[in-house]
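Here's a quick briefing to read alongside the model. Have the viewer open as you go through it.

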Amino acid sequence: MSALIQNILIKVGQKKDRLLDILLSVQEAESFVSDENIKIIAGSLQLSEIDVRQCMSFYHFFSTKPSRHRIFLNDSVMANLMGGQKVKEAFEKVLNCKQGEINADGIGFYTTACIGMSDQEPAAMIDGVIFPSLTPERVRFVVEGINQGKSLSDLYYLPLGDGRNGGAALNTMVNSNIRKTGLLLDDYYKSGSALTIAIEKSELEVIGIVKTSGLRGRGGAGFPTGMKWEFCRSSEGAEKYIICNADEGEPGTFKDRVILTEKIEMLLEGMTIAAYAIGAREGIIYLRHEYQYMRQHIENALAVARTKKMLGNNILGKDGFDFDIRIQFGAGAYVCGEESSLIESMEGKRGEPRFKPPFPVQKGYHNKPTSVNNVETFCKVCRIIERGGEWYRRYGTKQSVGTKLLSISGDCPRPGVYEIEWGMTLYQMLEMVGATNTQAIQVGGPSGSLIGKTGFDRKICYSDISTGGSMMIFDQSRDLIKDVVLNFLEFFIDESCGSCLSCRACTQQIRNKLEKMIHGKGVSTDIEDLKKWAKFTLVSRCGLGQSAANPISTSIANFPHLYQAMVQKEKDYDTCFDLASAVADSCKVVNRVPNF
Amino acid sequence: MSKPLVATASLAGCFGCHMSLLDIDERILKLVELVDIGKSPVTDIKTFTQQYAVGIIEGGCCNSENVHNLQEFRKNCDILISLGECAIMGGLPAMRNGIPIEECLNEAYLEGPTVHLNTEKIFPNDDELPMLLDRVYPAHEIVKIDYFLPGCPPRADLIWDALVALLTGKELELPYEVVKYD
């Protein structure tokens with residue numbers, strides 16, 4: 001066994017459930033995971049080689065080929081809207097290689113799904129460092145600098161970002177872009193104030209306050225937080241876990257990035273309060289790989305919390321209240337934002353969703369009761385414990401209580417994070433961000449809905465349009481079908497874990513049909529087919545599969561004229577079959593001239 | 001009134017669906033009372049001379065001749081039925097889909113374990129031969145198909161019931177076990 005792997009195994013533990021960390025560490029050291037190392041890892045964890053390979057192949061960011069540098073350019077809708085195509089071409093030109101290849105200098109160039117920078121696209125990650133607001137000129141500057149052997153931080157073309165982004169731990173060009181603050185983002189929160197109050201109360205009282213507040217999960221699904229904790233607390237088993245879902249994979253969302261940057265102490269405190277309430281001793285932040293630039297920043301915050309006795313044994317002097325938090329990195333998979341996939345991934349496996357029940361609160365991480373909550377949810381808990389459940393109910397509407405952080409991007413002069421009270425209409429939101437000439441808003445990311453003008457008086461709340469926070473604005477100049485819907489479908493095809501046929505195959509059929517229509521070969525029955533096939537995806541096991549056809553179904557419902565415009569009037573059936581191109585290959589092989 | 005005309009064809013199939021058609025046994029006598037069977041391997045009539053009411057297609061399309069044949073059927077038949085797995089999904093012939101055509105030809109004509117006589121190592125390429133398609137296509141990816149009768153082969157009763165339903169305008173009953181096989 002090589003010294004490298006030996007050290008890694010000592011550091012993270014020689015256990016199957018740490019496979020992801022082991023692979024990530026090897027890759028960090030050597031830029032890839034070699035065949036030989038796969039064999040060694042498999043042997044030392046008593047896994048088969050194929051177990052290791054199938055895990056690696058599930059995630060975007062593992063490589064089996066060596067490279068000196070790796071560039072991942074975002075190809076999300078927002079990146080493309082802001083000129084991503086030109087940036088991609090610039091990369092391909094200066095690197096002299098295509099996307100997916102490693103060039104002669106050993107620089108790998110890849111595209112990837114949304115990296116959580118929709119307010120400063122086009123953005124790329126180079127060896128984990130974020131390069132936001134790229135232009136072809138900046139691409140040339142950066143690649144030339146890399147070729148000259150300069151360090152990445154010497155190639156910054158923008159001043160360091162606002163807020164804590166400019167600090168030594170983060171040292172990044174990323175901006176937080178906080179545009180509107182509320183009870184979470186306001187400055188008057190004092191670290192430790194909520195936890196001090198919490199530990200003076202009983203565990204059940206803490207859960208009671210959260211229940212009174214009416215807080216619901218802020219990841220998107222909106223499950224009542226107090227109830228989740230209560231279930232987890234009352235589930236059998238002495239060992240319990242708190243997991244913070246910081247996978248933030250929904251394209252267009254970036255509010256958790258901002259919370260992790262600016263309010264990390266609040267997050268850790270919220271997790272600690274949750275641990276107190278349910279009786280957990282271990283907490284894990286599942287952080288998406290794209291946010292690895294925050295590692296030092298979060299580690300620092302954890303270290304400070306430990307010195308302040310807000311983590312560790314006998315927290316704040318409370319006898320027997322022991323709790324600590326570690327970071328678990330993902331390796332690039334959207335579906336891992338789904339809580340059971342996230343847990344699978346944390347156990348070192350492919351992040352495929354589990355069948356439910358049992359729910360994670362019953363059997364989660366290591367089959368122990370586990371509460372998985374969103375970053376924003378934990379922070380809200382701090383404020384609620386500090387000020388009380390009744391106080392929190394004063395914000396928002398009767399059914400949708402409190403505030404929500406929105407990640408607003410696209411065609412508007414002030415993209416960024418806005419903390420609003422639930423109940424705001426989309427019109428009001430557009431006015432707030434200064435958007436004009438708006439054609440459509442994608443609410444809730446690709447898995448949400450594409451809403452047109454007739455829906456702009458709808459309210460942002462659980463009972464009307466619920467959202468995890470992603471809001472993408474498109475003005476009249478955008479081609480919604482080609483630039484938005486098609487991109488979303490490609491996204492779901494890439495991210496499908498492949499377990500359910502409905503999600504694996506149906507999305508491809510839908511994409512093919514849509515492409516056919518875009519190419520001018522549409523007939524009216526195609527629209528009916530799309531509607532029918534979209535329903536089929538609803539039988540999938542997890543939320544990703546069930547919402548994979550939402551881009552199609554919501555755009556057909558809200559923009560029927562765009563689909564009608566792609567229908568040929570004179571034909572009722574068109575298969576697009578072209579005999580000449582279908583026989584071209586075989587004629588070439590047998591060396592004959594096609595004759596028809 | 002003349003009886004409706006029915007045509008059948010076996011494209012990239014195994015003739016199993018036609019065998020199943022013959023499995024309607026003595027009802028074939030009743031069938032010829034109901035319809036005239038025109039262009040079909042059963043009658044060996046090779047050309048369309050008038051408009052047909054129904055065309056029954058067995059097999060998908062693996063070469064240019066299949067395509068021409070199918071397009072002829074579409075032109076000359078009011079209703080087209082895909083009969084059986086191969087016509088509907090490509091079936092066994094479609095197992096070559098996803099393998100590059102050159103590999104398929106190499107295996108069939110040059111390197112396969114049963115290839116002994118092709119000493120000159122040539123691929124058949126006479127102009128008279130149909131040209132292979134890049135993959136095997138189900139019938140509805142070439143022309144519009146009106147009805148699909150599943151099965152490998154579809155059972156004789158299903159074929160009989162479907163034809164009778166079509167001719168009498170009655171609704172066809174499709175019990176679960178007829179469309180579900182696993």
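Predicted model: local features only at pLDDT ≥ 70, side-chain atom pairs only at ≥ 80, totals over all residues.

Residues are numbered from 1 along each chain as its sequence is written, chains are lettered from A and ligands numbered from 1 in the order in which they are written, and side-chain values use heavy atoms, with hydrogens and water left out.

**Interface of chain A and chain B**
- Chain A brings 18 residues to the contact and chain B brings 23 residues (contact means heavy atoms within 4.5 Å).
- About 1700 Å² is buried between the two chains, with 65% of that coming from carbon and sulfur atoms (buried area is the accessible area, 1.4 Å probe, that two parts lose on being put together, summed over both).
- A:F577, A:V589 and A:R592 provide 34% of what chain A buries against chain B, more than any other three residues.
- The rule picks out 2 salt bridges across the interface (a side-chain nitrogen of Lys or Arg within 4 Å of a carboxyl oxygen of Asp or Glu).
- A:R592 and B:D127 pair up through their side chains in a salt bridge, at 4.0 Å from N to O.
- On the side of chain A that touches chain B, you'll find 11 nonpolar, 4 polar and 3 charged residues (Ala, Val, Leu, Ile, Met, Phe, Trp, Tyr, Cys and Pro count as nonpolar, Asp, Glu, Lys and Arg as charged, and the others, Gly among them, as polar).

**Chain B overall**
- Chain B has 7 helices and 7 strands (DSSP runs, numbered from the N terminus: H or I of at least four residues for helices, E of at least two for strands).
- Along the sequence, the order in chain B is β-α-α-β-β-β-α-β-α-α-β-β-α-α.
- Of the 182 residues in chain B, 43% are buried (under 20% relative accessible area; exposed is over 50% and partly exposed is in between, with a 1.4 Å probe and protein chains only).

- The peptide bond from B:C152 to B:P153 is cis, with omega near -10°, and B:P153 sits in the loop between strand 7 (147-149) and helix 6 (156-168) of chain B.
- A:K356 and A:P357 are also joined by a cis peptide bond, with omega about -5°.
- B:D25 isn't a glycine, yet its phi is positive at about 55°; B:D25 is partly exposed, at 46% relative accessible area.
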